[in-house]
Amino acid sequence: MYGFDSYVAIGDSFTEGLNDELPDGSFRGWADRLAELLADGHPGFQYANLALRGKMLAEIMAEQVPIALEIKPDLVTLCAGGNDIIVPGADVDAVAAQFEAGVAALRAAGITVVIFNGPDTKTLSVMHMLRGKVGIYNAHLWAIADRHGARMVDLWAMQPLHDRRAWSDDRLHFTPEAHRRIALRTAEALDIPVDGDWREPWGELAPSTWMDSRRSDLTWTKTHLLPWIKRQLRGESMGDGLAPKRPELAPFASEPVVPPVQQALPAPDRLTDPATAS
């Protein structure tokens, strides 16, 4: 209906859909929501979502991009590198160069590619320390989009994402309402008309006291930060033992078709894996 008969989403937990949870415990996410828009009035539309939580950029380039190139859909969305750049000492320039190689390959195959820059973490307690690295990576992503003709979804400039109600308790993944808005923003980047406006204000927010913020920081540290550090030390990933929710290009259904047996690929050796990242 909009010029896209097939769509493959690749990336990490952001594209898998954490934390836009469905009643059965699986995740919907902005990519599934976008697929719903693309499939509306288009019964022949096909969709696959290869994204998996905890994936590092090298894994996405080695495991997901080749599948997308083999399928050669009309549309690919790619968001990756966030798990890499939050690692202390990460070379953001090198991460960007690796990301560009994937975009270049997809575009050379004639595929429409949509990429996403990182959101502004200024309003997030503790996580605001990553703001500089995210900003540098974003500058690279804009240049990559320009060089290769990819479309950009500017998460940094999305004012609704600056509200703490857009963020889950882990301060890394979005809430269902934020996923809905990101899907609308992505549709806009693809010139797809939609009902709804991602710019709509959230409404009044109850003020938070200094003590409330410190209690929240303590809870976040115990619940999310310390387990992440332990996984880093063990070389484990949040996605170990899991498989993509929509591993094959198939006619779109609102519920993912899960394989009868999910067999994950052997976990690669890692020095670090910020597995709770997007």
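Helices here are DSSP runs of H or I with at least four residues, and strands are E runs of at least two, numbered from the N terminus. The model is predicted, so local features need pLDDT of at least 70 and side-chain atom pairs pLDDT 80 or more, while totals for chains, interfaces and linings use all residues. Residues count from 1 along each chain as its sequence is written, and side-chain values use heavy atoms, leaving out hydrogens and water.

**Exercise 1.** Work out where Arg33 sits, whether Arg33 is buried or exposed, and what Arg33 touches.

*Solution.* 
- Start with the element: Arg33 belongs to helix 2.
- Next, burial: at 14% relative accessible area, Arg33 is buried (under 20%; exposed is over 50%, partly exposed in between; 1.4 Å probe, protein chains only).
- Then contacts (heavy atoms within 4.5 Å): beyond four places in sequence, Arg33 meets Asp20, Arg28, Pro176, His179, Arg180 and Ala183.

**Exercise 2.** Find the largest nonpolar core and follow Ile182 in it.

*Solution.* 
- A nonpolar core is a set of buried Ala, Val, Leu, Ile, Met, Phe, Trp, Tyr and Cys residues joined through side-chain atoms within 4.5 Å.
- The largest one holds 33 residues, with Tyr7, Trp30, Phe116 and Ile182 making the most contacts inside it.
- Among the elements that each supply at least two residues are helix 2 (29-39) and helix 7 (176-189).
- Skipping residues up to four places away, Ile182 touches Phe14, Trp30, Phe116, Leu155, Met158, Leu161 and Phe174.
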